[in-house]
Amino acid sequence: MAGMKVFSLLAASSFLRYASAQDVIRNDTFFYGQSPPVYPSPEIEGLGDWGDAYAKAQAFVAQLTLEEKTNLTGGFANASSGCGGNIRGIPRLGFNGLCLQDAGQGVRATDFVNAYASGIHAGASWNKNLTFDRAYAMGGEFRAKGASIALGPPVVGPLGRIARGGRNWEGFSVDPYLSGILAAESVRGIQSRGVISCTKHFILNEQELNRIPTINAENETVEASSSNIDDRTMHELYMWPFADALHAGTASIMCSYERINNSYGCQNSKALNGLLKDELGYQGFVVSDWGAQESGVGSALAGLDMVMPSGLQFWGGNLTQAVRNGSVPEDRLTDMATRIMAAWYYTNQDAPDHPYPGIGLAPNLLLPHRIVDARDPSARPVILQGAIEGHVLVKNTNNTLPLRSPKLLSLYGYDAKSPDFNTPGPGFNPWSFGLQSHNVNSVICGFFGRGVCPPFAPIAQNGTFIVGGGSGANNPVYISAPYNAIQEQAIQDGTQLYWDFVNANANGSVHAESDACLVFINAAASEGVDRPSLRDDFSDALVTNIAAQCSNTIVTIHNAGIRLVDQWIENPNVTAVIFGHLPGQDSGRALVELLYGRTSPSGKLPYTVARNESDYGALLDPVGPVPPYTYFPQDDFREGVNIDYRAFDAAGIEPRFEFGFGLTYTTFEFANLASSVVSGASLSAYPTGPVIQGGNADLWDVIATVTASVTNTGNVAAAEVAQLYVGIPSAGQPVRQLRGFEKVLVHPNQTAHVEFELRRRDLSVWDVVAQQWRLELGAEYHVYVGSSSRDLPLVGNLTLA
Ligand code: NOJ
């Protein structure tokens, strides 16, 4: 191991002993810490349903000069546009250019848009259709504003490996299957509106610490952290959801800031040429994360197609010159341009009614500007339902919830009310940089610049937390805070409200007649920095102080990731607890639906809540530049595929609330497990289908099914998420992994039948030596069905024979 570390350092210092193509791949750790060269960059071929778009793009690009091709590949500063990134048009050919705009909760840095539920909130809903509807509605807003490319959703990297990761809330779940299924729905939703969906960040951008090069206290450059990974983990865990997004047609992929096996993400030929464009048959274009380009010729040859926010640092005239002098083959530049235009045609952006790029995105919202109201009334129910379904009820003693016409409610906590900042306007999120133009970010240390970064670590936000910070933030036209929505209800019910939103120690202030005390806290997070902790003393004291005086204390947490609750979860006066995640603008309205029982909770945790920080082991904290790697930080993904619940299962650690867990107002009974191989399914050990975008086409063939029934044995209607876990009979596989989920609404005394479809890939393991997915033919797979990763009453098996 020590030898390998020295080797890693050498690799980073560019004395890289690349694995040559002739090297025999012998074991899982073959790629660990080193990134073999894969050249040349595969060209777009028009695979699968890309044929038409490819042909049109080829015809278009054939008419371009060298300079025009180069212009397509690099962003330019555009003073008249509020787009996060701009590509010049080619008016003589009727192409008006491209506008790239964030992000995952709605269109960023503009007005007259909605704030949708965050990625983690959608993940907690476990609802495929709702996730499609969310993306479809959001895609309409991107289109109306003239965004050609929506920079998420989906976010599938970070996956959530590090519990304290600052951007875990942007993605759906730490589980690759759940993340992948919802990513595919998101891509389809966005792209069906004529907008390119950018799936990001490829790949292994699992922490914010040292995500970009920085300057240390001695004024020396510290390179970005290197995520060192073995080939099997790369495929089975981190590439998995990207493959789903690709299969669904994502037409752009954002490469990531940090290094992958010691080679920067946007110039990593193994990752871009090898994994993405060759193995996964990618037909769209790769855009750099903002400022993530670290070389010119190197990144061009390694498969980068577009650089943001500016082409001028390495490309622009330099790229044209590199083509002229033969350093970069002209075919490579032509391929970049063709991929970019193919993505544009693939999403039908040549349609005559397509809005002009950036039409609704003003550079400065405080100056008079053209107002484009992007909101569509049909999105309203989607936004509300999305906000409702991402809430997860984890404790509800003696049916405390739902509330029944309370006479007096006492409300506590800084998270209950609307955020009150000193700045007027909708810039309610201190990390959203909302009213400013997008480019203001470039002056913020730790985002795109290099420099010594001051600590900037959000713990909790004063005011309710509905969207996370950084490029994933947006500014809605209104915000329904819990207090506002509860007040509306109180007006109708004639309920007396009492409140204290300021004091942490509200000693003696709880009204003795309170039917319930509602406490609101949050756990904030922002891009650019990992979370300082998974809980905080101020908020925990608030809960315990109120609980000491109120025997019916109901806690809601707006959490941008894992939030520990062991400080008070067993306190008998804490009678109900809801993880509220980041619900978007309808936060309060959604919560009231649940508190008052008009809708039964149906969310499930898309991550594991441990009892103690230490239960996450090495996956609690990000890794920094520790000796001897003070200039080239090394982050070894030693745990392999066992992150989150897989790690808890492998080590036999009892979580506080397991992955997939969530209560509701009724009870369910699971029965009638059956599993079978689909008749006529091809059971070759390895896939034989052609490569299309996403990988071999037959990896998506359904080869087996599992069925079960779910009966509502309680008194109210509610939706249950039936979950299928599979134990794959192969060395090194997780004890169980999620391989199916179906959300069904079931009325009292009714039974729903669920069917889980298992695709070839769902039952395959990555065979490192064969470099292919392999079924374990003849061996016995274990199948488990139930309501969470640890409540699995139905157990059976399946043999592929
Ligand atoms: C950096 C972020 O990592 C990325 O997610 C975002 O899309 C770009 N900046 C543009 O704002």
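Helices here are DSSP runs of H or I with at least four residues, strands are E runs of at least two, and both are numbered from the N terminus. Axes are lines fitted to C-alpha atoms, for helices over the stretch in contact, with angles from 0 to 180 degrees between N-to-C directions.

Now, the model. This is a predicted model: local features need pLDDT of at least 70, side-chain atom pairs count only at pLDDT 80 or more, and totals for chains, interfaces and linings use all residues. Residues are numbered from 1 along each chain as its sequence is written, and side-chain values use heavy atoms, leaving out hydrogens and water.

The whole chain next. It has 17 helices and 29 strands. Its radius of gyration, taken over C-alpha atoms, is 26 Å, close to the 28 Å that the globule rule (2.2 Å times the number of residues to the power 0.38) gives for 801 residues, so the chain is as compact as a globular protein of that length. Along the principal axes, the C-alpha atoms fill a box of roughly 85 × 70 × 55 Å. Of the 801 residues, 65% are buried, meaning under 20% relative accessible area with a 1.4 Å probe, protein chains only.

Helix α3, residues 66-73, packs on helix α12, residues 330-346, at about 55°, with axes 9 Å apart.

Who touches whom? Contact means heavy atoms within 4.5 Å. From α3 come Leu66, Lys69, Thr70, Leu72 and Thr73. From α12, the residues include Glu330, Leu333, Met336 and Ile340.

Methods:
Buried means under 20% relative accessible area, exposed over 50%, partly exposed in between (1.4 Å probe, protein chains only).
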